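Have a look at the model first.

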Amino acid sequence: MSISRRQFIKGASLAGAVAATPFSISQAVAANKELKIYAWAGYITDEMLSDFKAKTGINATFTPYGTNDELMNSLRATDGTGFDIIMPTVDRVPGYVDYDLVQPLDTTRIKWDGCLDSAMSGSEVGGVVNGKRYFAPSDWGTEAIAYNKEQASVDPKNLSFGDLWKPEHAGGVTVRGHSALVGLGLWLEKMGKLPFPLLDSYKNEKAMRANFDVILKEAIQHKDMIAQFWSTENEAQGAFRTNGAIIGQTWDSTAFKLAEEGEPIAYGAPKEGALAWMEGFVIPKNANNVDAVYEFINWYYTPEAGAMFVKATGYNSTAKGASDLLPQATKDFFNSSYSQEDLANLWWWPIQEPWYVALRNEYQDRYLSA
């Protein structure tokens, strides 16, 4: 039996599937204003906006961002004003609450029957702060090993973050600064070379600095192997297309898009555990069109909308039934990328509180400027 997206998240059955017309709140009120969506580049397509309008009568506009830090900085600069809905990763939500930039969800207005049950329970850490839910799960994905099947020197059944730094890959590696340090940390931890468990780095500054001093030293030793650093999806894809990368630590969507274009790129989880994340819908503190936000979330929690999202991004929707509507190529990519053991071994990003993010950026800057 092949692995499906639904098998990844426990409780992902079609029981309680969404009714054909789940939009119950006042469309007239919401439709009088334009919904302003601020989300990751490539996440909201014209097809999605047109379908949303057809189903609800609401006009929506989409403004893209490229990183979590860009999103955070934008909201801090405007005190949570300017957009109605954002899509941060769940581990960053407590930081938005600390800065008083977002508002709790009115959970009674959301058709939760359309969302995978375990995505709900899995997002309680980070998505629920002080007993209030701020986060409606939308999608999940991983950051692991993308590699050229014809040129990279790897064993697809025994991948490791350490494979990036094999001498054979000199000049052909692409990584993102801060997450490359975490991948290196997991590799070093497996070899018993960190002074503290890597997860302790997210708990206090002493452990973080002790671990990242070791990680940074190792990273700098291999820095001359880098073909290109990436920070956005387009940059990661470009590293393989034009800048000589043959292996990299990238998002799953990078490999999916390149493979879709016919490039000989495969993707797999390392034995240390693929870095896994979840994103979702959050309402800024000063959103101007909250009614339309709930319309959008309820629209998204339908199989058809979830499938549109997956086809656009290559990531995995939390909308029940979305995986059943996907093209065979999308299903095949997922099944070839993850074994059952890989899915059981995912390394979920811990909550990244503001103090950690500041230190993380400090180490990333030292890495990039070394």
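Start with Glu143 and Arg176, which form a salt bridge (a side-chain nitrogen of Lys or Arg within 4 Å of a carboxyl oxygen of Asp or Glu), with their closest N and O atoms 2.6 Å apart. Glu143 sits in strand β7 (residues 136-148), while Arg176 is in the loop between β8 (173-175) and α8 (177-190), so this pair links distant parts of the chain, 33 residues apart. Strands (E, at least two residues) and helices (H or I, at least four) are DSSP runs, numbered from the N terminus. Glu143 is buried at 0% relative accessible area, and Arg176 counts as buried too, at 13%. Here buried means under 20% relative accessible area, exposed over 50%, and partly exposed in between (1.4 Å probe, protein chains only).

A word on the ground rules: this is a predicted model, where local features need pLDDT of at least 70 and side-chain atom pairs count only at pLDDT 80 or more, while totals for chains, interfaces and linings use all residues. Residues are numbered from 1 along each chain as its sequence is written, and side-chain values use heavy atoms, leaving out hydrogens and water.

Next, find Arg109 and Asp291, whose side chains meet in a salt bridge (2.6 Å, N to O). Arg109 lies in the loop between β4 (102-103) and α6 (117-122) and Asp291 in helix α12 (residues 290-300), so the pair ties together parts 182 residues apart in sequence. Arg109 is partly exposed, at 24%.

Finally, Glu205, Arg209, Glu362 and Arg366 are linked in a salt-bridge network. The whole structure holds 14 salt bridges.
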